[in-house]
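Reader: I have the sequence and the model open side by side. Can we go through them in short questions and answers?

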Amino acid sequence: MVIHRLPCTFFHRGIYTLIVFTFEFGLARNIYSLVPSLPLINNTPCLGVKILLSNSMASRGMSETQRLRQQMEEQLDRLMAQLADLEECKGELDPEEYEEVHKDTIEQLNEFHSSLSRMTSGDMTLVDSFNAMQLAIQAAISQAFKTPEVIQMFAKKQPDQLREKLSQIERDQKIGKIALDSYTQQKAEILSALQKLGESLTAAEQTFLDSHASVLMKNFDQITDETGSSQKVLEMARQGLH
């Protein structure tokens, strides 16, 4: 058996790599007859290139998806901070001013959601990666969810942080630090988000959610379980803005 140890150089998108492979010459010939696209070095196919290309592209794809996700999260954080600031200053604004700024923020969320939908269309990897973010944005647009912090945790797939937030508002409610209406709204949002993220709810939590979910939240749950849910949520939001 003749063993050939040959250097294989590969240049791809500015990355230069020198690889040394050892393989049986005859076997390599047979593989080349099946995969003729493999490059030749000294009239011998370099098997490592195809493996390198596959691994390199997979690694680059994951890296690009992570960077894209970070950019999308930063954009969402900005919009949620805008909503949070608006709610904090609500008492200082005229009703007309509040409605105008709120409507503008929802429209920005609409545009953000549309861009995200176009970007992920047909790419199952991106769909899986951004599914929770799309649901969270839809919840915000439809106003089924009104708590920016909960929306952010939902979008970023953070069930542990949602549980911590739930514990916090439970403590705050017991000492009278949070109004009952706000506590009920936030708890229902947290439980709904956990459910959408595939987390199990206790019987008591499920009963609370069934009893206290708002009409908007129930409509959102029903719509997101249907085909074409994105368009229906956006239409529901437009109706609410008029």
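Reader: Where does Q143 lie?

Author: First, a caution: this is a predicted model. Q143 is partly exposed, because its relative accessible area is 22%. Its place is the loop between α4 and α5.

Reader: What is the phi of Q143?

Author: Most residues other than glycine have a negative phi. Q143 is not a glycine, yet its phi is positive, near 65 degrees.

Reader: Which loop holds K157, and what is its phi?

Author: K157 sits in the loop between α5 and α6 (159–174). K157 counts as partly exposed because its relative accessible area is 40%. K157 is not a glycine either, and its phi is positive, about 55 degrees.

Reader: What is the overall pattern of the chain?

Author: The chain has 10 helices and four strands. Read along the sequence, they follow β-β-α-β-β-α-α-α-α-α-α-α-α-α.

Reader: How much of the chain counts as buried?

Author: The chain has 242 residues. Buried means under 20% relative accessible area. By that cut-off, the buried part of the chain is 38%.

Reader: What part of the contacts with a separation of 6 or more comes from residues 24 or more positions apart?

Author: Take the contacts in the chain with a separation of 6 or more. Residues 24 or more positions apart account for 54%.

Reader: How are α4 and α5 oriented, roughly parallel or roughly antiparallel?

Author: The axes of helix α4 (residues 124–141) and helix α5 (residues 148–155) come within 7 Å. They cross at roughly 155 degrees. Angles over 145 degrees count as roughly antiparallel. Therefore α4 and α5 are roughly antiparallel.

Reader: Where does R69 sit, and is it buried or exposed?

Author: R69 belongs to helix α2 (residues 48–88). Its relative accessibility is 15%, so R69 counts as buried.

Reader: Which residues does R69 touch?

Author: Leave out residues up to four places away in sequence. R69 then touches S129, F130, A155, K156 and K157.

Reader: Q66 is also of interest; is it buried or exposed?

Author: Q66 is found in helix α2. The relative accessible area of Q66 is 53%, so Q66 is exposed.

Reader: How many aromatic pairs does the whole structure have, and what kind is the pair of F145 and F220?

Author: A search of the whole structure finds three aromatic pairs. In the pair of F145 and F220, the centres are 6.3 Å apart. The planes stand at 55 degrees, and the pair is tilted.

Reader: How many residues apart in sequence are the parts that F145 and F220 tie together?

Author: F145 counts as buried because its relative accessibility is 2%. F220 counts as buried because its value is 0%. F145 lies in the loop between α4 and α5, and F220 in helix α9 (residues 215–224), so the pair ties together parts that are 75 residues apart.

Reader: Which residues form a cluster through ring pairs?

Author: Ring pairs do the linking here. The cluster consists of F145, F154 and F220.

Reader: What kind of pair do Y183 and F208 form?

Author: Both Y183 and F208 are buried. Y183 lies in helix α7 (residues 180–196) and F208 in helix α8 (residues 203–212), so the pair ties together parts 25 residues apart in sequence. The ring centres are 6.3 Å apart and the planes are at 70 degrees, so the pair is edge-to-face.

Reader: Which charged residues sit over the rings of F208 and Y98?

Author: Over the ring of F208, 4.3 Å from its centre, sits the charged end of K187. Over the face of Y98, at 4.7 Å from the ring centre, lies K90.

Reader: Which residues does Q186 touch?

Author: Q186 is placed in helix α7. Q186 counts as buried because its relative accessibility is 11%. Not counting residues up to four places away in sequence, Q186 touches T147, K165, I169 and I178.

Technical notes
Residues are numbered from 1 along each chain as its sequence is written. This is a predicted model: local features need pLDDT of at least 70, side-chain atom pairs count only at pLDDT 80 or more; totals for chains, interfaces and linings use all residues. Side-chain values use heavy atoms; hydrogens and water are left out. Helices (H or I, at least four residues) and strands (E, at least two) are DSSP runs, numbered from the N terminus. Buried means under 20% relative accessible area, exposed over 50%, partly exposed in between (1.4 Å probe, protein chains only). Contact means heavy atoms within 4.5 Å. Axes are lines fitted to C-alpha atoms, for helices over the stretch in contact, and angles run from 0 to 180 degrees between N-to-C directions. Angles under 35 degrees count as roughly parallel, over 145 as roughly antiparallel, 65 to 115 as roughly perpendicular and the rest as oblique. Rings of Phe, Tyr and Trp (its six-membered ring) pair if their centres lie within 6.5 Å; planes under 30 degrees apart count as stacked, over 60 as edge-to-face and the rest as tilted. A charge sits over a ring if NZ of Lys or CZ of Arg is within 6 Å of the ring centre and within 35 degrees of the ring normal.
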